[in-house]
Amino acid sequence: MFTTVGRWCARRPKRVVAAWLVLLVAALTAVLVLGKVTSEQVDLPGSDSQAAKEIVDTAFAGSASGHQPIVLHEGPDAPRLDADDRWPTVQQTAQELAKVPHVVGVTSFLDQNGRSALSADGRTGYLSVDLDIPARDITAATTSAVLAAAAPATAAGIEVTPGGYLATAADHRSTEYSELVGIAAALIVLLLAFRNLFAAVLPLLAGAVGLGITLPVIGLIGHRTDMPSAGSTLAAMIGLGVGIDYTLFCLTRFRDLRAAGVEVEEAAVRTTAGSGKAVAFAGSSIVAALAGLCLGRLPLLYALALAPAIAVLVAMALNLTLLPALLTLLGPRLGTGRPPAGADGSPRGWAAVARAVVARPWRSLAAAFLLLGALAMPAAHLTFGQLDAGADAPGSYSHTAYTRLADAFGPGINGQLQVTDTLATPATGSTDPRLTTATTTLRQTSGVASVGPAQLSADGRQVRWQVVPATAPTDPATSALVHRLRDTTSDSVHVGGATAAQTDLNDRIADRMPLIVGAVLTVAALLLLLAFRAPLVAAKAALMNLLAVGASYGILTAVFQDGHGARLIGLHGAVPVPGYVPLLLFAVLFGLSMDYEVFLLSAVRENYLRHGDNRRAVVDGLGSTGRIISSAALIMVSVFLSYLLNDDPVVKMFGIGLACAVLLDATVVRGILVPATMALLGHGNWWLPRWLDRLLPHLDIEGDGHPALSADTPAPVPA
């Protein structure tokens, strides 16, 4: 099949290029016309917080996206906001806000429970704005319209800052700068690797086309389902990285074939049949690992898995169709490969490293284990937390609004809880003894700063309270309060709100993480078993990948949760690590590691089948693939680290986690652990029980149907 696809595209290059250009233009046009939609809303079917949300949505009429605060702030020497010469300005601002499209209600210095929304010193307050659109439809244009309507306050010298979803929409920044930096770094690596401008630019072109199609598609999907902004960012990171890497692997194969005297069109076909097949296998491995996240049965995980999966599928399609067309068109300009050995035939570079490792495998193995173990140690105290606007970049709307509200009303104002109850019989009114008793109980609960008056639904059966914690949303004490409220109230009581939803999300991820990790490990091992028909190779590869992921978790914990070096990457201190970050990193990293695993093991096995000398095969295999694996890893690391320029702490977490794991995988794992363990296992690397030999299909992952090797030594006989 791969040969057929490659030949068809190689013989019709202009038609294939035109088809991809049409697809690119169509995707970009669609997103320009319809717009890109993201949503940070968290839905957790079956959770207590979701039950509370559903009661509030059905029993209490209100905004489709909740109450959005517009924070008004005066300096220390300014008059109070409720002073005689200020109050008319505030009232006029509220009236102008009510005229903004989609605004259905504005409350002046009173929250939805009728409590004062003005600080004790009178210099900070907030107007509650209700919108008739859901959170995912709030855009930067919506925020701009609201700020324009607040002109009376601004003209009077009052500082106006939007909060909530209005701030999120306005603060959302494009990642284009990060992507340009990553592409520039990748260009330098490719120029050093190929020493040919056309060859260096081709992988970047493939990566850019992939991004140009992937990101609009994800933006359009946001119209139909909740897609967090981190989804498109993660897709850009993975899509750009694998898009460049996959093209790099294929282009290397093409140049080697050209150096062997193969004609351009035939080299393009054989590249698709060989390396293209390996790319399809590696890409499918990433998608399979991401699919394992569906076992979490969480809409957020579905979205965060779908976005990078789309990016990988687009990269695969580009390499299987567009790349053979471009190789045919640019063939003579792409140059040829060069041998990895020195002029005297002695090992150099990675071949020399491999020879040193296989000469002292136990010592090398111990050193690698000690290094990875030391890096993984901080992960022992990794805990799942939740981020809030306090972790956003200083100067952003969200951070400013968060800080001013916390300073004026206490840290819990930014993480209010909604407590709901369903009564057996309708309440007689707000003085119903059941309500006064419940309100008193809530106020006496440890960790509660204040409780608003009970609110009744129209039929008197549903009741809700707005509970303000004494601690910030990121404080573990707030999550403990959520559990305490649930444990000390009746079964009909539900605790909701954004903070409670994040607590439920982390709890559910922690409960299901062992299942997901086990599934991803099993899938990775099975795929390698299918590829190489070697149980020991598959098992040890899965375990070594686990070590690299553990080391990455340790670095993630040290930098973000513990705050070591946090200021160096643009954070103002330690921040909690959301539960979905380590889980998603695990799935993505196991998928990405398959690229290098397949590339290296294919070369080792090819050499082993040629001469039957295990240690020599390891040295030759790493020597022939080390340079290209290093280049590919360096490109990945450059792309991932470029996203540290983004202000979003979650994006920084993915950047650091992915970059460190890929770097460790391509150096410590592939350069030391793999050759050391293969040297120790000897011929046992390729041991295969006869019963398993009969069950497994014969897959030739890197083969192109044109044997280039002698068959002097027969393949190992299954045991």
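Tutor: Contact here means heavy atoms within 4.5 Å. The model is predicted. Take helix 20, residues 580-611.

Start with helix 19, residues 535-561. Its axis and that of helix 20 come within 10 Å and cross at roughly 135°. That value makes helix 19 oblique to helix 20. The crossing is right-handed. On the helix 19 side, the contact residues include Val 537, Ala 541, Asn 545, Val 549 and Leu 556. On the helix 20 side, they include Val 581, Leu 585, Phe 586, Leu 589, Glu 597 and Leu 601. By class, the residues of this contact divide into 15 nonpolar, three polar and one charged.

Now helix 12, residues 299-330. It packs against helix 20 at an angle of about 40°, with the axes 11 Å apart. So helix 12 is oblique to helix 20. Helix 12 also passes helix 20 in a right-handed crossing. Leu 300, Leu 301, Leu 304 and Ala 305 of helix 12 meet Tyr 580, Leu 583 and Leu 584 of helix 20. Seven of these contact residues are nonpolar, with no polar and no charged ones.

Next, the core. The largest nonpolar core has 170 residues, and Phe 560, Leu 592, Phe 640 and Leu 658 touch the most other members. Helix 12 gives this core its largest share, 20 residues. Leu 658 touches Leu 585, Val 588, Leu 589 and Leu 592, among others. Its partners also include Leu 234, Met 237, Ile 238 and Phe 640. Residues up to four places away in sequence are not counted there.

Conventions: Residues are numbered from 1 along each chain as its sequence is written. This is a predicted model: local features need pLDDT of at least 70, side-chain atom pairs count only at pLDDT 80 or more; totals for chains, interfaces and linings use all residues. Side-chain values use heavy atoms; hydrogens and water are left out. Axes are lines fitted to C-alpha atoms, for helices over the stretch in contact, and angles run from 0 to 180 degrees between N-to-C directions. Helices (H or I, at least four residues) and strands (E, at least two) are DSSP runs, numbered from the N terminus. Angles under 35 degrees count as roughly parallel, over 145 as roughly antiparallel, 65 to 115 as roughly perpendicular and the rest as oblique. A crossing is left-handed if the near helix is turned anticlockwise from the far one by less than a right angle, and right-handed if clockwise. Ala, Val, Leu, Ile, Met, Phe, Trp, Tyr, Cys and Pro count as nonpolar, Asp, Glu, Lys and Arg as charged, and the others, Gly among them, as polar. A nonpolar core is a set of buried Ala, Val, Leu, Ile, Met, Phe, Trp, Tyr and Cys residues joined through side-chain atoms within 4.5 Å. Buried means under 20% relative accessible area, exposed over 50%, partly exposed in between (1.4 Å probe, protein chains only).
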